[in-house]
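Please follow each point on the model before going on to the next.

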Amino acid sequence: MHININSLRDHFTQVRDLLTTQNIDVLSLVESWMTPNLPLTMYNIPGFKLIRNDRGLLATATKRRRKHNRKRKFKYMQGGGIAVYIRSGIPHRIIHAPQTVTLNETECLWIEIGRGKQKLLFGADYRRPGGFYLNKLFSFYRSMSHRAYCGSILAGDFNVNLLLDEYEMAHYRHLVSEASLDIVPFGATHHGLTFDTAIDYIIVDSLDKVIASTKSPTPFAAAHDSIMVEYALAAPLPLCSVGK
């Protein structure tokens, strides 16, 4: 499952209830708004491991001097950030968690899920509106795709509206096609009073592996729907001892 959560702190109870009541193995959250000075234990959920890649960009001196920021204890720019919850017992390792140096870079967190011959490549991504094109993101995917993975899933808020016929959308679809990937069709996933956009999506190595795809009937957080796929593997992911 994937959600643009627009602050994990503000929606933590909803996320915890979701994971403890639904059969979800992996939940990716973008715009977590978490910063490196927040301890990992703040958002622990029993039965799941939390992996983060916070934005970590320092706020400018001007912003730190503003009245509404003077009382705050942190010095980081608000916004962005990626968090992934993985069910305990599913082996995994971080393979790429780059730190951004400018706001316009795409934030990402790449995780290898499983082990041995039964491994899945998973990427969670966030691109801010008007950010750099996604060439770098897909270049990294292609550099990994030759490895012995049994499947690949990318989930994120890419801020490219698939409902518009424009260059940015065409360029994005070209990158997806060039990487031999498929976009799972969800329709509009972000809603306003006078508009609907398709900017949150899940991308897979083959639509044939998608058993089912669903989105929430109403927005989960900040006008964004939650979206989810049930993904078929040739064999179940291997398990390890809880806590590893």
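1. Helices (H or I in DSSP, at least four residues) and strands (E, at least two) are DSSP runs, and they are numbered from the N terminus. This is a predicted model, in which local features need pLDDT of at least 70 and side-chain atom pairs count only at pLDDT 80 or more, while totals for chains, interfaces and linings use all residues. Residues are numbered from 1 along each chain as its sequence is written, and side-chain values use heavy atoms, with hydrogens and water left out.

2. I would begin with the sheet, where two strands pair if DSSP finds at least two bridges between them. Six strands form an open sheet in the order S5-S6-S7-S8-S12-S9, and the pairing is mixed. Strand S5 (92-96) and S9 stand at the edges with a single partner strand each, so one side of each is left without a neighbour in the sheet.

3. Of its 5 residues, 5 are buried, so S12 is largely enclosed by the rest of the structure. Asp 200, Ile 202 and Val 204 point one way from S12, whereas Tyr 201 and Ile 203 point the other way.

4. Which strands are joined to S12 by bridges? S8 runs antiparallel to S12 and is joined to it by 5 bridges, among them those that pair Ile 153 with Val 204 and Asp 157 with Asp 200. Strand S9 (residues 182-183) is also antiparallel to S12, with 2 bridges between them, and here Asp 182 has Val 204 as its bridge partner.

5. Helix H1 (residues 8-21) bends by about 35 degrees at Gln 14, the bend being the angle between axes fitted to the seven residues ending there and the seven starting there. Its buried residues are Leu 8, His 11, Phe 12, Val 15, Leu 18 and Leu 19. An α-helix has 3.6 residues a turn, so residues three or four places apart point the same way. What covers the buried residues of H1 includes strands S1 (2-4), S2 (26-30), S3 (48-53) and S4 (82-87), where contact means heavy atoms within 4.5 Å.

6. Grid points are joined across faces, edges and corners, and a volume is the space filled by probe spheres set on the points. The largest pocket has a volume of about 670 Å³. Of its 24 lining residues, the closest to its centre are Asp 25, Val 26, Val 229, Glu 230 and Tyr 231. S14 gives the most to this lining, with 4 residues.

7. The second largest pocket has a volume of about 270 Å³. Among its 14 lining residues, Glu 105, Thr 106, Cys 108, Lys 136 and Leu 137 are the closest to its centre. The elements that give it two or more residues are strand S6 (107-115) and helix H4 (135-144), and H4 gives the most, with 3 residues.

Notes: 1 Å grid on protein atoms, 1.4 Å probe; cavity = no way out; pocket = protein on both sides within 12 Å on 5 of 7 lines; lining within 4 Å. Buried < 20%, exposed > 50% of the residue type's maximum accessible area, 1.4 Å probe, protein only.
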